[in-house]
Amino acid sequence: MGCTVLVAGLFGMIMVAYANTPLPTQPQQQAIEQGSIIYYRDGKTEIARLGTKREIVPISKIPRHVQDAFIAVENRTFRTDPGISVSGTLRAVWSTVSGQQVQGGSTITQEMARGYYDGLSQERTLKRKIMEIFVSIRAGKEMSKDEIMAIYLNTIYFGRGANGIQAAAQAYFDRDVDELTVAQGAYLAGRIQSPDAFDKAEAGRNWAPTRERFDYAVRGMAIVDPAKYGQLATTAKFPKLAPLDKKETLKGVNGYMVDIVQRELEKRGISRERLRKEGYRVTTTFDRKLMAAAKKTVESNLAAVGDRNIHANLAAVDPRNGQVLAFYSGHDYLKSFTNNAFDAGKQAASAFKPYVLAAWLEKGYSLRSYVSGDGPVTLPGTKPIGNSHDVGAAVQIDRATAESVNTAFATMAQEVGLEEVARIAEAAGIDEDDLEQAIEQHAYGMSIGAGLVTPVEQATGYGIFANGGVHHDAHVVLAVKAYTGRTVMKEAGKSATVISPDTAADATYAMQQVVRYGTARGTTLPGGRPIAGKTGTNNENKEAWFVGYTPQLSSAVGMYKEVPRIDPKTRKVIKDANGHTLRREVSLGDIQGAGTPTKIWRDFMTIAMANKPVEPFPAPAFGGETHDLVRKPTPKPTGEPSEGPSEEEAGADPACAGDPACAGPDESGDDPLGDAGDETADDGGDPGDSTTIDEGTQPFGGG
């Protein structure tokens, strides 16, 4: 009798104190933590989920039969009770006061309050239990049953690392919560009693505990709503579970995408910690089809090379907006963390020369000017620079571009100034520090590619030629939204005009000659689609490049070879403090820019441009004044005057109409490059891609 009075007195005090207890306003941080989802550019196809396995969903997405399953298991009077069970609460309070194990009796509202609101916890004390009761009664009066149920189902832990009903539906049945069947809802409701123990039992192929809880759930549903679930106990079958998801989020190429997305978000104010906890929905610029194409084309071509130490990286950027649509940094992020397409700076070789050409044209000088074809040339602070083949003492700039004549670009850079070349390259996206270092260490060698670049920088940089002189910063995030749908971050939209449209058109014309008659002659895309580009191979063939574009897409492919470093004394592989093999770069052998890199580019672009409209480049302006740095060669004697080369003789280039010089110095049109059948100009040999300078001390060159 005395105990009854004591308990009644305690309960009375609780009711009095309740009046002075408001409903908390702050949730526990761990109760609302949810992982973020990173999507491809379609905003639907997932790349990865990061952080806490929880995706908060509204009650409207949780089927009534799923809610009923939890009511049947946890709190059959939920729809009508005030938020607490008087008998259950008295039982629990007495157990706590008497020192016995805390008994059951918590309602769904109490479970919600305990797991959600800040200031409550799972500790087993009388003070905590009383506070829980206060809050639960308040919640029962001030919140709707739907609000309580939504918070409860989004908060609780289900096992398999899944927090909340949506994550549980994905973890156990590989579907969204609104697609759960009655049996699947009953299974999930049953397992929250002891999720870790049930996980362990099922891992050992012991299904008895969860089957027992499933049966309990379906019987309870029949009691809660006989009309709807009366036959469920005899008709419901234990559901088939999805295999345990052991997929590593960062495995394969996914890790490279996640890495660069996280880095861009950090720069824009969303830390990695926030990304893992605050439930963002990140839509990237990555095109799923093109990412697969990048992987396929790079890896298939590397397989044909047959040397595991040779690497190729690729980047594809939309020049009209700077969106990185695809890239290839490696086969598996978990085996090689370096995101090569963005981070592996390699010497640009002759793939840098278009920036020199742009500086020349911006200075007001014509593409039809004649510059030095003789080598070697010695310029201030620079080792002698030579050419791989003889083009004569004077060479017109469009031909110098097609054949990648080192002396031409070195003397052009001297005329316009290295600072102007660096200014344009930096504005196009090349790293300022790398440009400064190239000038400091190599002086005019910078003009023929001594500086370091990455595939993303080059794909972005050539975008100024594809996009009428306008540069857009490369970026990988289209939008970030909160889980509620509110936009948190929009696409970065920074752009700037770097060169004039006329300069871009004339530079593009020169680079079209590269694929028509020059170092990459014969490179085409289906349907006669217009393309322009530039090869690059440095001394000793340590790096090889092809960078090219259409009006819609700019892509860069770079190759290099690295072998393990060997201790000369022990002959053992040298490793760093973390156990990773240290490597050194060596020659690619006979691979040059016009070889495998160009083939990878062509294979990728064939897929990327399929079904895209064929867009022409702007006609060349042939602007600026003629500014010859050397004496123009005396024209060859010709026969009877003609009306100029036919369209076929001029390479089917409409811009050549009425322009006898279009096909090169030989105005007959029979020898567009004027190489008189010189075998050194062959596609496979990639003329100009190796210089005749001191290769041991100045490892850069042309092509």
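Start by selecting Asp81 and Asn75, whose side chains are joined by a polar contact of 3.1 Å. (A polar contact is a pair of N or O atoms within 3.5 Å; within protein, one must be able to donate a hydrogen and the other to accept it, and residues adjacent in sequence count only if both atoms are side-chain atoms.) Asp81 sits in the loop between α3 (64-74) and α4 (86-98). Helices (H or I, at least four residues) and strands (E, at least two) are DSSP runs, numbered from the N terminus. Is Asp81 buried or exposed? It is buried, at a relative accessible area of 10%. Here buried means under 20% relative accessible area, exposed over 50%, and partly exposed in between, using a 1.4 Å probe and protein chains only.

Before moving on, some housekeeping: this is a predicted model, where local features need pLDDT of at least 70 and side-chain atom pairs count only at pLDDT 80 or more, while totals for chains, interfaces and linings use all residues. Residues are numbered from 1 along each chain as its sequence is written, and side-chain values use heavy atoms, with hydrogens and water left out.

Next, select residues 145-155, which make up helix α7. Nine of its eleven residues are buried, so the helix is largely enclosed by the rest of the structure. Among the buried ones are Lys145, Tyr152 and Asn154.

Now for the salt bridges. One of these is a side-chain nitrogen of Lys or Arg within 4 Å of a carboxyl oxygen of Asp or Glu, and a search of the whole structure finds 26 of them. Pick Asp343 and Arg263 to see one at 3.0 Å, N to O. Asp343 lies in helix α17 (residues 340-343) and Arg263 in helix α14 (residues 254-267), so this pair ties together parts that are 80 residues apart in sequence. Both count as partly exposed, Asp343 at 37% and Arg263 at 24%.

Jump to Asp318 and Arg320, another salt bridge at 3.0 Å, N to O. Asp318 is buried at 7% relative accessibility, whereas Arg320 is partly exposed at 42%. Then select Glu46, Arg49, Glu55 and Arg281 together: salt bridges that share partners join them into one network. Within it, the closest N and O atoms of Arg49 and Glu55 are 3.2 Å apart. Arg49 is partly exposed at 33%, while Glu55 is buried at 13%.

Where does the negative surface patch lie? (Patches are made of residues with over 30% relative accessible area and no salt bridge; like charges are joined within 9 Å, nonpolar side chains (Val, Leu, Ile, Met, Phe, Trp, Tyr) within 5 Å.) Helix α22 (residues 432-442) gives the most to the patch, with four residues. Glu440 is in this helix and is exposed, at 70%.

Finish with some backbone details. The peptide bond from Gly375 to Pro376 is cis, with omega near 0°, and Pro376 lies in the loop between β9 (370-372) and β10 (394-396). Asp174 has a positive phi of about 55° although it is not a glycine; look for it in the loop between α8 (165-173) and α9 (182-191), where it counts as exposed at 60%. Last stop is Glu540, also a non-glycine with positive phi, near 65°. Find Glu540 in the loop between β16 (532-537) and β17 (543-549), partly exposed at 36%.
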